[in-house]
Amino acid sequence: MDKIKKAEPIEATNFIEQEINKDILSGKISGGIQTRHPPEPSGYLHIGHVRNIVINYGTALKYGGVCNLRYDDTNPEKEKQEYVDALQEDVKWLGYKWGAIHYATEYFQQNYEIAVKLIKEGKAYVCDLSAEELSATRGTLTEPGKESPYRNRSVEENLDLFERMKNGEFEQGSRCLRAKIDMASPNMNMRDPVIYRIQYLDHQRIGRSWNIYPSYDFSHPLDDCLEGVTHSLCGPEFEDHRPLYNWVVENSGLKNHSRQIEYANLYIKGVILGKRFIKKLVEQGKVSGWDDPRLYTIIGLRRRGILPQSLIDFVYAAGISKSVSVIDPAMLDYFVRNTLNKVSRRVMAVLNPIKLVITNMPEGKQEEIELDDYPQNEESTKRKYYFGRNLYVEADDFMKEPVPKYHRLYPGNEVRLMGAYIVKCTGFDQDENGNVTSIYAEYDKDTKSGSGCTKKVKGTIHWINADRCKKVEARLFENLTLPKEEENELAGGKEQGSDGDVVINPNSLKVLGNAFVEDGVDFNFNDRYQFLRNGYFCLDKDTTADKMVFNRTVSLKDGFKMPQ
RNA sequence: UGGGGUGUCGCCAAGCGGUAAGGCAUUGGACUCUGACUCCAACAUCCGAGGGUUCGAAUCCUUCCACCCCAGCCA
């Protein structure tokens with residue numbers, strides 16, 4: 001805004017910054033850098049939009065400039081106040097600050113005046129062709145279009161007709177205002193594009209105050225210039241629109257000229273991002289809502305427990321270019337873990353419990369031990385916990401007959417119970433189906449953690465004291481969709497259409513209702529936890545007074561490959 | 001088959017005429033009371049293909065190929 005810093009070239013990290021540097025060096029830009037974040041409030045933002053946000057706010061920030069949030073709300077047919085509100089929350093959560101909030105609808109009067117100016121200069125005309133007729137005369141990719149019979153109306157007639165459009169005298173769709181450019185242009189966008197349409201709709205912000213609405217191609221460049229935007233950064237689909245953008249800017253009579261630069265969208269392999277696809281999943285009840293933790297909407301990622309810094313790091317690491325990028329989800333996981341690793345409190349939780357009885361520990365005896373809250377930090381707070389006779393360990397941490405390189409519990413083997421003692425497995429019980437029902441072990445009193453014990457064992461496992469625990473629900477997630485082959489198999493060999501119907505991965509949500517956590521830990525919504533050896537977790541909003549629900553944000557990287 | 005854009009390691013991505021950065025993934029190994037983290041090492045004789053210019057090209061020229069976007073009174 002008024003405190004924009006005069007821009008200096010910076011060390012460019014991508015082609016957009018290179019272009020901006022050139023503009024500064026060539027003197028095209030004399031003041032500060034200004035960008036805009038122009039979402040249409042027609043849906044929830046997803047991880048692909050995070051790139052737009054990072055680029056627009058982040059670039060302005062780097063140059064000491066400003067980025068305004070401008071709602072591109074020129075189509076009331078698709079927009080809702082619900083989305084307007086959600087958008088701001090998402091941007092705030094990501095940690096970016098806008099210079100000001102604007103709405104495209106704020107500029108309607110100015111847009112209108114410029115349209116009138118264009119008419120007076122013979123650069124725009126009212127066309128009476130129907131949408132179908134207009135489409136039929138636009139030509140094709142290989143053939144030029146035909147000029148509209150209304151193309152050469154007099155300025156007076158155009159002015160009168162446009163005024164009457166504005167006054168609501170004509171039926172919706174009966175007339176429109178078109179820019180007079182070139183019906184033979186190889187660029188379809190330049191074939192006398194529609195710049196104003198009649199629309200009688202209740203707009204979420206301005207109600208029924210306007211009967212005519214400018215199209216994106218007309219309002220966007222104008223609003224950029226009006227607002228003082230220097231660089232209008234947008235998606236690749238607008239590349240073809242750039243000549244039109246420039247045409248509007250040059251003919252607007254506005255002094256500030258904004259420059260449009262396009263960059264590629266961000267996709268993640270196997271992740272559903274299309275607005276209509278997500279919407280369909282929500283409507284069909286295949287997910288619990290726009291904030292289902294399996295969705296890559298910003299609210300979904302947030303609910304899942306991902307921290308904004310991870311998203312920002314991820315976007316920068318992925319880079320910004322003009323080529324289509326489909327990123328490996330493992331890369332996102334890496335940055336999610338990387339952020340979480342630094343801030344998460346370590347606690348023990350057993351997700352798939354199996355009983356472990358320490359036979360040489362007397363019934364009823366509870367021995368105090370000490371656990372680090374943040375062992376990854378130099379300084380860590382500690383908490384008390386108790387070792388006893390009746391414990392739970394992870395079912396995965398026991399095998400009747402070990403596979404090679406298996407370092408956990410099996411008859412005869414010793415492992416360390418984290419923070420407590422080394423125990424030796426002495427036996428197990430199983431039911432008639434061979435399912436293990438309990439494990440037996442003896443602990444070695446000379447091996448208490450922190451006692452200076454020098455004995456080493458290959459495996460250390462986490463555990464929960466059955467007399468000192470809380471039962472909770474843990475929700476584990478996998479990708480919503482499966483790789484194509486598996487998906488087709490699930491669909492009975494039928495190829496899935498692209499109509500938005502997807503086969504959901506049956507394992508995309510696993511609810512473990514019999515999980516246990518330490519009873520001495522006060523869990524809260526703002527903190528992040530690493531359930532040791534199980535992954536990063538956070539409290540879900542479904543938590544109630546008597547049941548805590550945890551989402552696994554992401555698992556830990558698992559270096560052990562179980563041989564088959 | 002018109003126009004616009006893109007093609008560099010499995011996935012991203014630097015490189016802008018001087019002889020292939022980096023990240024993720026992967027693979028070894030060290031460390032480890034998380035098989036995590038961290039650390040160290042390996043990982044494109046080659047830049048979509050062919051031809052040309054040059055002492056020298058991923059970078060320049062040329063031909064070809066592949067993929068993406070555009071025919072809303074959507075954005």
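The model is predicted, so local features need pLDDT of at least 70 and side-chain atom pairs count only at pLDDT 80 or more, while totals for chains, interfaces and linings use all residues. Residues are numbered from 1 along each chain as its sequence is written, chains are lettered from A and ligands numbered from 1 in the order in which they are written, and side-chain values use heavy atoms, with hydrogens and water left out. Helices (H or I, at least four residues) and strands (E, at least two) are DSSP runs, numbered from the N terminus.

**The parallel sheet**

- β1, β2 and β3 make an open sheet in that order, with parallel pairing; two strands pair if DSSP finds at least two bridges between them.
- β1 (34-37) and β3 (101-103) sit at the edges with a single partner strand each, so one side of each has no neighbour in the sheet.
- From one strand to the next, the twist averages 35 degrees; axes here are lines fitted to C-alpha atoms, for helices over the stretch in contact, and angles run from 0 to 180 degrees between N-to-C directions.
- Strand β2 (residues 66-71) is joined to β3 by three bridges, and L69 has I101 as its bridge partner in β3.
- Helix α3 (residues 81-94) packs on this sheet and touches β1, β2 and β3, its direction making about 160 degrees with that of β2; contact means heavy atoms within 4.5 Å.
- α7 also lies across β1, β2 and β3, running at about 140 degrees to β2.

**The antiparallel sheet**

- Four strands form an open sheet in the order β4-β5-β6-β7, and the pairing is antiparallel.
- At the edges are β4 (124-127) and β7 (212-214), each pairing on one side only.
- Neighbouring strands in this sheet are turned by 20 degrees against each other on average, direction ignored.
- Strand β5 (residues 176-179) pairs with strand β6 (residues 194-198) over three bridges, and L177 finds its bridge partner in Y196 of β6.
- Helix α6 (residues 155-166) lies across β4, β5, β6 and β7, at about 60 degrees to β4.

**α7 and its helix partners**

- Helix α4 (residues 108-120) and helix α7 (residues 216-227) have axes that come within 10 Å and cross at roughly 110 degrees.
- That makes α4 and α7 roughly perpendicular; the cut-offs are under 35 degrees for roughly parallel, over 145 for roughly antiparallel, 65 to 115 for roughly perpendicular, and oblique for the rest.
- On the α4 side, the contact uses Q110, N111, I114, A115 and L118, which meet F218, S219, L222, D223 and L226 of α7.
- By class, this contact of α4 with α7 has six nonpolar, three polar and one charged residues; Ala, Val, Leu, Ile, Met, Phe, Trp, Tyr, Cys and Pro count as nonpolar, Asp, Glu, Lys and Arg as charged, and the others, Gly among them, as polar.
- α7 also packs against helix α8 (residues 242-252), at an angle of about 55 degrees and with the axes 9 Å apart.
- α7 is therefore oblique to α8.
- Residues of α7 in this contact include F218, P221 and L222, with L244, Y245 and V248 among those of α8.
- The contact of α7 with α8 divides into eight nonpolar, two polar and two charged residues.

**Salt bridges**

- The whole structure has 43 salt bridges, each being a side-chain nitrogen of Lys or Arg within 4 Å of a carboxyl oxygen of Asp or Glu.
- One salt bridge links the side chains of R164 and D160 (3.2 Å, N to O).
- R164 and D160 are about one helical turn apart because they are four residues apart in helix α6.
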